[in-house]
Amino acid sequence: MISKLDGTLLSRLRTLQELARRAEETAGPAAAQAAEQPLPLGDAAVEAARIAAEAVQAAGQEQVRVLAHIEGDLAAAESAGLWTEFRTARVAVGRIAVADLENVAAVTDVIAIHGDQPVRPLRPDQAAPAHPDAEAVTASGTPVADIADTHAEAMPPLPDGVTGKGTLVGVIDSGIDIYHPAFIKPGSSPPRTRIVSLLDFTLRQTIECTGNPTGSVVLTWLAPGAQASDITPSLAFPLQAATVQAALEAFNSIDPGDVKVTGGPLPGTPVVVDFTGHYDGKIVEEIGLRPSFTGGTSPKIAVRRGRVITEAEINAALQASPRVPFVSRDGTDHGTHVAGIAAGVGKASQACCKRDQPIGVAPDADLAIVRALTKGDIVAGATHVFGQSWLAPGVFKKPAVVNVSLGSFGSAGDGSDPTDLALDDLLVGSNARSIVVAAGNEGDSYPMPSPTNTTFTVPTYQRGGGQHARGFVPAHGTTVLKPLRFFVEFADNRPDWFDLWYEGPGELAVDLYGPPSAPGAVSATVGPHLHPQLTPSPNPKNTQVDLGGTGGHPLTYTYYSAVPPSGKRHLRLTISPPAGQDITMGSWEIELRETAGFDTWFDVWFLEDRTDPSGRFDTANQDRSRTVTSPGTARQVITVGSFNPEDDRLAPYSSRGPTTDSRLKPELCAPGEQITSAKNGGTPPDGLYAVDSGTSMASPYVAGVVALMFEVNGILDQGAIVSHLISTCDDPVPPVPPGRLDSGWGKGRVNPEKAVNAVRAASAARRTVTPHTPDEPLVLPAAAYPAARVPFTTRVRQVRSRIESTPAGRHLASLAATHQPEVQRLVTGDRRVTVAWHRMHGPLLVRLLLFSELYPDAPVPRTLGGKSVADGLARLLEELHRAGSPALRAGITAHRAFVLALPGARLSELDVPTGEVS
């Protein structure tokens, strides 16, 4: 059953087995003597045997966090050694002692066990340069920025629209800046947060124990950045908090005040360790504190990470004076930006259409934040958000959407990763729940360096792209039709690893050729290669070999003949640099031979290390498809790609589908290029906002749209949400066949107006929404419109182009250009004109004109806020005629009928007056 363990767990198990073997060889017969009689004073051999045996026991008891795929009863797996934190229908997240891995894998209902893996934010390392936003002018020479500023202030407030009220947006990411005004209730005094719960997996380690241990426990501590661990002496049960406090403070790396231990005594009550002082704000991961038993009985003991911070605790921090750094922070500046896009609140003075772009798609939604490090954290975080355990008894849960802009390569890309399965489990058969995931940023091509004899310079690396290849090997073929070549760049001093996946009865033997300059080369033209070739095994091992012999590149590999549950074959191969060197720069080659007599397609991915340049496939081998990262490959989640809202084109980096089992991913795309949102640690007046790019920015946009959909109908299920979103998408640019699996577009560009209207039209049970008439356009938050993400001058140009597509539109544009400066002055300077402008909802009319995705000949709204636009226009024209210059009064007299005919009409339906514009 060892084939049920992934490569990381196999490695841990192999290390334990090797340690046991060495201990047995070293101790020899002294081990038996030590077990049968008291230790003879001064017997060094017996003492060595005892120490070796304790080292093996401690290594075996060390627990690893796992995601276990279990189809059936959990009890048998727990009896075999699984300590469960929580579970979904098919996946249990918990811990297993290394010595128990084989026992748990042998349980019939256990399908596969995966070690918990880190995840990273899904944004390109280098965002595209900011788009220029040069001053544009009207036909009369007036800066167009001044036009928007005239109409921006929303007094009185705009009509109530769909803003996410009554919904919950969960953001699983790198944390959040609780002090940012985007996450504080507008107008609250004293300030109150919009965050109803904050779960931080980088904080607090809780030691829990089952059963009634009769021995003692030791705690192993590895300080962040340290190379060697500290170990406490044996601590007896019952274990008190004060005992743990004293033992930890005895370490050189922990001073008094660096930890605060509460709870206990174990085993009855968990012991809680909070890291403060020197470690305040630092990530103390699960490797930081490890318990193991010594002597006596050995029930399960484990450390569970994470601390739930309440709304009241956040409010207390907001209201404290002076403010101090909050205990939970945004570790990478990513989570704050993402949360702002989904549900941030912009400045009140920017509620309509200021040049500074609005940020939050669902600004009235509640926020639940999860700071996550690993795949298991994602699943635990989603469970926390959907459970809403912070609600008082009897309070109904709100419909909730969870955004995940984190991910990783390393799975089969077919939805079988345990993270994918677990998120699917949380959605199947439920309503009022949704999960939205970023597709990833690995879809770009990678320009390979060319050999050169010029003076050496250190290259600048592009992160992302060139990491996937796909190919075909004929039955009993001598090699893949085109050799798979990849290039290693300068200063690649960390391991490069890649994954080969394929399915079917075929078997691929794998050889690896290094450059001729690599250690152990065969000749001046032929680099070192493997002897023998790598082949799949039903009982894989974590095997180590040297490419090129002693002094060559160390290789580590596992080659599974069948990975559960998909049954695919999988090779993970790691290339490490020779001691004290880099991986040899230059062209490497992978040779694949089919040996079982069946044609075979394969996929292979480089798994990128973000700390140094990763290997990249040669240009001829790069394949941009099948680059969606897990958990975006899950079946039930909504996976989102990125497009540039300025030109409506797919972002080059946006990961492309299909999944390796030929499903459409992503389902759709959203604005993800040069997106303005909340800045972690930002300060007013100009430092509150930042610009970032990536599918990380596109995904929360769609999560915000889902919150708007939930406000209209809070009992939607995920299937209905996906259906409404993809059926209302706008076409890709340039056009591609609808739903083409490898286009990267999915069904196209998200259209929030159409999606929310589709829910409104289809819903039998609607939530409370402002009355809406067929003639009145839907009102969404400004940030919900893709056009709001476009540079201001570009947006104005687009609007002018749309209006001027008809003769009546060109006439209207000419009128505006002629009289706009005087009208602007009167709107801001004459009280009666100002009142008339706001009573007709002029700011909203400008918002719809600038932001709404209207087709060129859409009708002008007949009503806004339940009031007649024609009546409001008539009142405004009267006040302008009263206060205006002779030229303006003459223009109003000449064109009044044309202007009052606009509400409810299409420009193409109107007769255009002849003659010069007054």
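Let me begin with a pair of strands: β24, covering residues 553–563, and β25, covering residues 568–575, run antiparallel and are joined by seven bridges. Within that pairing, Tyr557 stands opposite Leu573 of β25. Before I go further, please keep in mind that what we are looking at is a predicted model, and that every value I quote is computed from it.

These two strands belong to an open sheet of six, whose order is β19-β27-β21-β25-β24-β23, with antiparallel pairing. At its edges sit β19, residues 468–473, and β23, residues 543–547, each of which pairs on one side only. From one strand to the next, the twist averages 20 degrees.

Is β21 enclosed by the rest of the structure, or open to the outside? Six of its seven residues are buried, so β21 is largely enclosed by the rest of the structure. With β25, strand β21 pairs in the antiparallel sense over seven bridges, and there Trp497 stands opposite Thr574. With β27, residues 600–607, strand β21 again runs antiparallel, this time joined by six bridges, and Leu500 faces Val604 in that pairing.

There is also an open sheet of four strands, in the order β22-β26-β20-β28, and here too the pairing is antiparallel. Its edge strands are β22, residues 508–513, and β28, residues 616–617, each pairing on one side only. Strand β20, residues 484–488, meets β28 in the antiparallel sense over two bridges, and the bridge partner of Phe486 in β28 is Phe617.

Trp588 has a relative accessible area of 0%, and as the cut-off for buried is under 20%, it counts as buried. What surrounds Trp588, once its neighbours within four places in sequence are left aside? Its contacts include Leu484, Arg485, Phe486 and Val488, then Leu512, Tyr513, Gly514 and Pro515, and also Leu547, His553, Ile575 and Ile583. A polar atom of the Trp588 side chain lies 3.0 Å from the backbone oxygen of Thr584. Pro516 is 72 residues away from Trp588 along the chain, and yet their C-alpha atoms are separated by 9.2 Å.

The side chain of His69 makes a polar contact with the side chain of Glu71, at 2.8 Å. Beyond its neighbours within four places in sequence, His69 is in contact with Arg90, Asp109, Val110, Ile111 and Ala112, as well as with Leu421 and Pro565.

Now to the helices. Two packed helices are described by the angle between their axes and the distance between the axes. Helix α10, residues 375–387, packs against helix α11, residues 418–427, at an angle of about 10 degrees, with the axes 9 Å apart, and that makes the two roughly parallel. From α10 the contact takes Lys375, Ile378, Val379, Ala382, Thr383 and Phe386, which meet Thr419, Ala422, Leu423, Leu426 and Leu427 of α11. By class, these residues divide into eight nonpolar, two polar and one charged.

Which way do α16 and α17 lie relative to each other, roughly parallel or roughly perpendicular? Helix α16, residues 807–829, and helix α17, residues 831–839, pack at about 95 degrees, with their axes 6 Å apart, and they are therefore roughly perpendicular. Leu826, Val827, Thr828 and Gly829 of α16 make the contact with Arg831, Val833, Thr834 and Trp837 of α17, a set of four nonpolar, three polar and one charged residues.

Helix α18, residues 842–851, has eight of its ten residues buried, so it is largely enclosed by the rest of the structure. Those buried residues are Gly842, Pro843, Leu844, Val846, Arg847, Leu848, Leu850 and Phe851.

Let me end with the chain as a whole, which holds 20 helices and 35 strands. Of its 918 residues, 54% are buried. Among contacts with a separation of 6 or more, 76% are between residues 24 or more positions apart.

Definitions and conventions: Residues numbered from 1 in each chain as written. Predicted model: local features only at pLDDT ≥ 70, side-chain atom pairs only at ≥ 80, totals over all residues. Heavy atoms only, no water. Pairing = 2+ DSSP bridges. Axes fitted to C-alpha atoms, helices over the stretch in contact; angles between N-to-C directions. Parallel < 35°, antiparallel > 145°, perpendicular 65-115°, else oblique. Contact = heavy atoms within 4.5 Å. Nonpolar A, V, L, I, M, F, W, Y, C, P; charged D, E, K, R; others polar. Polar contact = N/O pair within 3.5 Å; in protein donor to acceptor, adjacent residues only side chain to side chain. Buried < 20%, exposed > 50% of the residue type's maximum accessible area, 1.4 Å probe, protein only.
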